Amino acid sequence: MPKETPPEDKPAAEKTLTDGFNRFRDKHYENGAGLMEKLVKNGANPDFFIINCIDPRNGADIVFDAPPGQQFLHQQMGAIIPPYDADKQAELAASLSYAIDAKKIKHLVIMGHSQCGGVGALVEGTSDTLIESWVKMAAEAKRAAEGKVGKTDKEALLRETERQTVIMSVKNALEYPMVKKAVAEGRLTVSGWYFDMEKGALHDYDPKKDAFTQIAPAPAAQKARAKHARRRPPHYPPPRKAA
Ligand SMILES: [Zn+2]
């Protein structure tokens, strides 16, 4: 049975979205001088194409605090990119073709993330046959992770499979004809990134070292603030007494 929103909840549920839309409109439409109006008039020419997971905690517009027009977005479970097949990956191939050849994007970023439910379904199995048939496209990433960290420590295996899925997806993306051609002609870079949601850290895969290294580390002042915040007792600062 499909899950249905009870009719009485619909206006309240929609209000979450319409309130958000009003905030977006206030920010980006400014009586004819706003960013959206310029983008509508002149078109958008983004430099980036981001492929990431459908997980609602790692939306690329949120993670990169992106203004409208900065990046193309494509989301698929686990940020898994299967080997190129013109029929099966028609949507991704068409989107990449448009972004690379018509809009001349410069950077393709494939971003996996920690605590990924899609990769979790791959490692731990799932009774949902549709999810299973999708995530098994990353079976080679799971095998590579098992080869690195073994099968005993489940958490270690999950984290390593998430990273290996990024590596596999980059390798597969480089075989998509429009990507391959643009990279060969020096007009496109392809990066594999890993968003550690637990630590709030971003890592980039370096194929020469076969390792992920942290990029955009938090500035020292921000780290100190976070450390200080962790040390605070539960009620710091003490609540003010009502006048
Ligand atoms: Zn995910």
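This is a predicted model: local features need pLDDT of at least 70, side-chain atom pairs count only at pLDDT 80 or more; totals for chains, interfaces and linings use all residues.
Which residue in E2 does isoleucine 50 stand opposite?

**View 1. The whole protein and its elements.** Start by getting your bearings: 10 helices and six strands make up the protein. The chain has 243 residues, and 25% of them count as buried. Take contacts between residues at least 6 apart in sequence: 62% of these join residues at least 24 apart.

View 2. Follow the strands across in the order E2-E1-E3-E4-E5-E6, and you have traced an open sheet with mixed pairing. At its edges stand strand E2 (71–75) and strand E6 (211–215); each has a single partner strand, so one side of each is left without a neighbour in the sheet. On average, neighbouring strands here are turned by 30° against each other, direction ignored.

**View 3. The pairing of E1 with E2.** Strand E1 covers residues 48–52 and pairs with E2 in the parallel sense, over five bridges. Here is the residue we were looking for: leucine 73 in E2 stands opposite isoleucine 50.

**View 4. Helix H4 on the sheet.** Helix H4, residues 90–102, packs on the sheet and touches both E1 and E2. Compare the directions of H4 and E2, and you will find an angle of about 170°.

View 5. Now move to helix H8, which spans residues 154–173. Helix H8 lies across strand E3 (107–113), strand E4 (189–196), strand E5 (201–206) and E6. Relative to E3, helix H8 runs at about 155°.

Note on methods:
Residues are numbered from 1 along each chain as its sequence is written. Helices (H or I, at least four residues) and strands (E, at least two) are DSSP runs, numbered from the N terminus. A residue is buried if 20 or more other C-beta atoms lie within 10 Å of its own, exposed if 12 or fewer, and partly exposed in between; C-beta atoms are placed from the backbone. Two residues are in contact if their C-beta atoms, placed from the backbone, lie within 7 Å. Two strands pair if DSSP finds at least two bridges between them. Axes are lines fitted to C-alpha atoms, for helices over the stretch in contact, and angles run from 0 to 180 degrees between N-to-C directions.
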